[in-house]
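User: I'm new to this one, could you walk me through it?
Analyst: Gladly, let's have it in view before we start.

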Amino acid sequence: MYAVIKTGGKQYRVQPGDVLVVEKLAGEPGADVAFGEVLMLGDGDAVTVGAPLVDGASVSATLIETRKGEKVKIFKKIRRQGYRRTRGHRQTETVLRVTSIAGAGKTEKWDGTVSLTTKAELNARSRNLKIAAPVAAEAAPAPEAKAAPAKKAAPKKAEAKAEGEAAPAKKAAPKKAAAKKEDGEA
């Protein structure tokens with residue numbers, strides 16, 4: 001069973017279990033999202049087309065992450081005028097996993113589990129890189145860091161003078177004599 005839904009001014013053909021990237025939607029990772037704007041339902045050869053929407057049809061999905069999309073460069077130029085402008089843009093987008101489609105007296109569900117692994121984590125794993133630790137773990141220092149001995153800093157010159165120690169005086173560099181000009185040179 002498949003459905004055609006409308007969100008963010010675009011139309012998407014979805015099936016249960018599909019991963020979908022759409023315009024930004026409100027919600028936290030793990031939240032359930034329901035789409036009521038179902039334009040068409042299909043089940044094999046049987047197709048139900050809405051006018052404009054299919055009555056009683058809905059698509060459910062789970063929000064995986066909200067992220068920034070690919071970079072887009074905007075370059076403007078007017079030739080022979082010296083006018084060039086370069087700007088960039090990254091659209092925010094939401095990643096969804098479609099979990100069920102209901103309508104026309106039928107319901108089809110996806111029986112898998114939704115993994116909330118972000119694209120950044122998957123990319124890091126594929127390149128054998130360390131995955132960034134959660135923010136809460138960064139706040140508490142590791143037990144190994146506490147056991148490391150602290151190095152003593154060298155005393156500064158101002159502190160040395162205060163203690164009564166004489167700081168070595170700097171010697172001034174000898175000045176160079178100016179070259180004399182001859183009568184022929186200007």
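**A hairpin, a core and one threonine**

Analyst: Strand 5 is joined to strand 6 (residues 46-49) by four bridges, and the two run antiparallel; strands are DSSP runs (E, at least two residues; helices are H or I, at least four), numbered from the N terminus, and two strands pair if DSSP finds at least two bridges between them. This is a predicted model, in which local features need pLDDT of at least 70 and side-chain atom pairs count only at pLDDT 80 or more, while totals for chains, interfaces and linings use all residues. Residues are numbered from 1 along each chain as its sequence is written, and side-chain values use heavy atoms, with hydrogens and water left out.

User: What stands opposite Gly42 in strand 6?
Analyst: That is Val47. Strands 5 and 6 form a hairpin with two residues between them, and Gly44 in the turn has a positive phi of about 70°.

User: Which residues touch the most other members of the largest nonpolar core?
Analyst: Of its 20 residues, they are Ile5, Val14, Phe35, Leu41, Val59 and Leu96; such a core is a set of buried (under 20% relative accessible area, 1.4 Å probe, protein chains only) Ala, Val, Leu, Ile, Met, Phe, Trp, Tyr and Cys residues joined through side-chain atoms within 4.5 Å. Among the elements giving two or more residues to this core are strand 1 (2-7) and strand 8 (83-103).

User: Changing topic, why does Thr107 count as exposed?
Analyst: Because its relative accessibility is 53%, and exposed means over 50%, with partly exposed in between. Thr107 lies in strand 9 (residues 106-109).
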